Amino acid sequence: MKFFVDTADVAAIAELNDLGMVDGVTTNPSIIAKSGRDILEVTKEICDLVDGPVSAEVVSLDADGMIAEGRKLAKIADNITVKVPLTWDGLKACKVLSSEGTMVNVTLCFSANQALLAAKAGATFISPFIGRLDDINLDGLELIEDIRTIYDNYGFETQILAASIRNANHMSECAKIGADVCTAPPNVIKAMANHVLTDNGLAAFMKDIEKANIKIV
Ligand code: G3P
C-alpha cells in the first residue's frame, strides 16, 4: 500500500520522505489555508521534494474553471495530480484533464456510486473520506470495501486513495481491504509505530542491559 502524506507542512513531509515513507502528497483548500502559503508556491516546493504524485485541488466549481485551473496546476511539475470534487462539473473536468494525460484525483467521495462515476470519467485516483463518514456514524471502511469490490469486478484502473484517515487502525484496515493508497496526516503515520508492549519490552531490555553491563562498542 502506498503512503501519501496529507499536509502542506514541507518540513513534516521531508522528515518522513527521508525515511522512505512518502509515496506522494495530498493537499486540499483547508490544508493550504492552514499552511498560510501561496498554493502555487507551496505546491511547487512539495513537487520538487517528493517523486510521487502531489495532489493540488482546484477552487472553481464550474467545469470550465476547473479545467483552466487544472491546466495551470499541471504546468507546475510532471508529478502534479489535479484534485477535483465529485460533482458533475468535477467529473467533466476529470474527463477532459485525464484525456490530456494529466493525473486526476477525484475527491470528496462518500458513496460507491460516486466512485463508479469517477472511474468511468477516467480518474487516476478516487478519494473516499473515511473519517467524515465515521463522524456521522456511518462506516467509512465499508465504503473502501465496496469500492474495492466494484473496481475489481470490472478491472477499473482508478486507484483507491483512502482519505480522511484519522488513526493508525484506518491504515492497517485499509491495507487489509486492499486500498491502493492511504493519505494521512504525518502524526497518524508516526502513530503506526506505537505499541505499549514494545515500550514495555524495551524498558525491560534496558534494565537487563544495565544490570549485566552489556556493551557493544
Ligand atoms: O485528504 C482529505 C483529508 O484532508 C480530509 O481529512 O480529517 O478533514 O476529514 P479530514
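User: Which residue in β7 does phenylalanine 125 stand opposite?

Analyst: This is a predicted model. In it, strand β6 (residues 125–128) and strand β7 (residues 159–162) run parallel and are joined by 2 bridges. Phenylalanine 125 has as its opposite in β7 glutamine 159.

User: Which strands does helix α8 touch where it packs on the sheet?

Analyst: Helix α8 covers residues 140–154, and its direction makes about 175° with that of β7. Where it packs on the sheet, the strands touched by α8 are β5, β6 and β7.

User: What angle does the direction of helix α5 make with that of β4?

Analyst: Helix α5 (residues 88–99) also packs on the sheet. It touches β4 (80–85) and β5 (103–109). The angle between the directions of α5 and β4 is about 155°.

User: How many strands make up the closed barrel?

Analyst: The order in the barrel is β1-β2-β3-β4-β5-β6-β7-β8, and the pairing is parallel. Neighbouring strands are turned against each other by 30° on average, direction ignored. The number of strands in the closed barrel is 8.

User: Are helices α1 and α3 roughly parallel or roughly antiparallel to each other?

Analyst: The axes of α1 (residues 10–18) and α3 (residues 39–49) come within 11 Å and cross at roughly 10°. Angles under 35 degrees count as roughly parallel. Therefore α1 and α3 are, relative to each other, roughly parallel.

User: Which residues in α3 meet α1?

Analyst: By class, this contact has 6 nonpolar, 1 polar and 1 charged residues. On the α1 side stand Val10, Ile13, Ala14 and Asn17. The residues they meet in α3 are Val42, Glu45, Ile46 and Leu49.

User: Which helix gives the largest share of the lining of the largest pocket?

Analyst: The largest pocket holds about 460 Å³ of space. Its lining has 24 residues, with Asp6, Thr7, Asn28, Ile31 and Pro185 nearest the centre. The lining divides into 9 nonpolar, 9 polar and 6 charged residues. The largest share, 4 residues, comes from helix α2 (residues 29–35).

Note on methods. Residues are numbered from 1 along each chain as its sequence is written. This is a predicted model: local features need pLDDT of at least 70, side-chain atom pairs count only at pLDDT 80 or more; totals for chains, interfaces and linings use all residues. Side-chain values use heavy atoms; hydrogens and water are left out. Axes are lines fitted to C-alpha atoms, for helices over the stretch in contact, and angles run from 0 to 180 degrees between N-to-C directions. Angles under 35 degrees count as roughly parallel, over 145 as roughly antiparallel, 65 to 115 as roughly perpendicular and the rest as oblique. Contact means heavy atoms within 4.5 Å. Ala, Val, Leu, Ile, Met, Phe, Trp, Tyr, Cys and Pro count as nonpolar, Asp, Glu, Lys and Arg as charged, and the others, Gly among them, as polar. On a 1 Å grid over the protein atoms alone, a cavity is a set of points where a 1.4 Å probe fits but cannot get out, and a pocket is an open set with protein on both sides within 12 Å along at least five of seven lines; lining residues have an atom within 4 Å of a point. Grid points are joined across faces, edges and corners, and a volume is the space filled by probe spheres set on the points. Two strands pair if DSSP finds at least two bridges between them.
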